[in-house]
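My entries follow the coordinates.

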Amino acid sequence: MPVPPHDDDDLQPDPVTPPHDNRIRPGLPQQHMKGLVSLVDKLQRACTALADQGEESALPADWNWDALPSVAVIGVQGAGKSSVLECLIGKNFLPKGITCRPLIVKLNQVDGIKEYAMFSHQPSKKYTCFAEVKAEIARCSSEISDVPVHLSIFASDVVNLTFIDLPGLRKFAVDGTAQKIENIVRAFIEKPNTILLAISPANDDLATSVAIKISQEVDPDGGRTFGVLTKLDLMDESTDAVKVLEGRSYPLPYRWTGAIDHTQKERGFFMEKPEYAHLAHRMGVEHLAKSISKVMPFEDDCVMLILFLTSSCVHAAS
């Protein structure tokens with residue numbers, strides 16, 4: 001079956017168009033996303049400069065970084081969250097299956113440097129080996145906590161954006177563990193400037209997907225939720241996920257994206273499978289990244305904050 005040409009129509013909400021409110025606007029040109037991440041970076045630098053000059057009082061009393069856009073990844077343990085996030089960021093640094101604390105990853109695009117990473121709890125240490133970064137994350141995340149681990153990555157091949165890797169949800173757990181983790185996850189994804197990546201393995205029953213259930217509760221319009229169906233290559237030979245990926249089963253306002261663990265093989269996997277060939281042009285993490293770049297958070301409060309900080313920076317510099 002021939003593969004349709006790849007065009008921007010694939011990025012429009014389908015089959016249901018979410019209402020156009022002041023939070024999310026789909027289908028914005030790529031240059032607008034670049035402008036947004038550049039503006040976010042300038043805001044962060046401006047706030048840092050204000051603090052360095054002893055101007056903390058210039059910031060609103062209730063100011064925190066939650067007003068800035070981020071991408072949160074949620075799903076049950078073993079759903080493939082870490083693999084999707086690593087592919088989006090382009091770095092192999094996440095421990096698999098043991099994260100019990102939120103991990104906030106701030107990407108910093110810096111030209112002409114050798115990439116490195118730093119943790120906020122080790123402000124004087126630079127990590128140039130990402131295997132060591134992975135080990136440190138594992139060390140910090142072995143026990144359930146709502147206190148996030150903050151990691152900054154500096155590299156020339158990233159965009160200035162924040163990703164949040166949340167603890168894996170539990171379907172069944174003793175001693176209230178499942179509820180504790182769900183409460184932590186909800187606290188992060190309820191923020192209206194957070195884009196949600198709801199990860200669900202294709203070899204599980206979507207009717208009981210905890211990630212989708214929680215996403216729909218905090219984002220009932222679906223205006224900031226992307227469903228990602230992982231492990232398609234691990235489904236039984238007699239089954240497939242075509243109805244889901246086409247939007248005929250368990251539809252979401254934005255089309256589901258299919259993914260497999262081996263990113264380099266994704267394109268070939270979908271094109272070579274007769275049942276998926278007609279969908280290959282909009283499958284895989286690469287397409288997911290493009291879809292995310294087409295969605296921009298717009299908050300009136302954030303716009304007002306931009307204006308406030310701009311005037312504060314001018315005042316501080318004068």
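I worked on a predicted model, with local features needing pLDDT of at least 70, side-chain atom pairs counting only at pLDDT 80 or more, and totals for chains, interfaces and linings using all residues. Residues are numbered from 1 along each chain as its sequence is written, and side-chain values use heavy atoms, with hydrogens and water left out.

Whole protein. I found 9 helices and 10 strands, taken as DSSP runs numbered from the N terminus (helices H or I, at least four residues; strands E, at least two). Of the 318 residues, 52% count as buried, meaning under 20% relative accessible area with a 1.4 Å probe and protein chains only; exposed means over 50%.

Helix 2 and helix 8. I looked up how helix 2 (residues 81-89) packs on helix 8 (residues 285-293): the angle is about 70° and the axes are 10 Å apart. Axes are lines fitted to C-alpha atoms over the stretch in contact, and angles run from 0 to 180 degrees between N-to-C directions. The two helices are therefore roughly perpendicular, a label for 65 to 115 degrees. From helix 2, Val 84, Cys 87 and Leu 88 meet Val 285, Leu 288, Ala 289 and Ile 292 of helix 8. The residues of this contact are 7 nonpolar, no polar and no charged. Contact means heavy atoms within 4.5 Å.

Helix 3. In helix 3 (residues 130-140), I listed Phe 130, Val 133, Glu 136, Ile 137 and Cys 140 as buried. Seen down the axis, they fall within an arc of 105°, so they line one face. They pack against strand 3 (103-109), strand 4 (116-119) and strand 5 (149-155). The face turned away carries exposed Ala 131 and Arg 139.

Definitions and conventions: Parallel < 35°, antiparallel > 145°, perpendicular 65-115°, else oblique. Nonpolar A, V, L, I, M, F, W, Y, C, P; charged D, E, K, R; others polar. Arc of directions from axis to C-beta.
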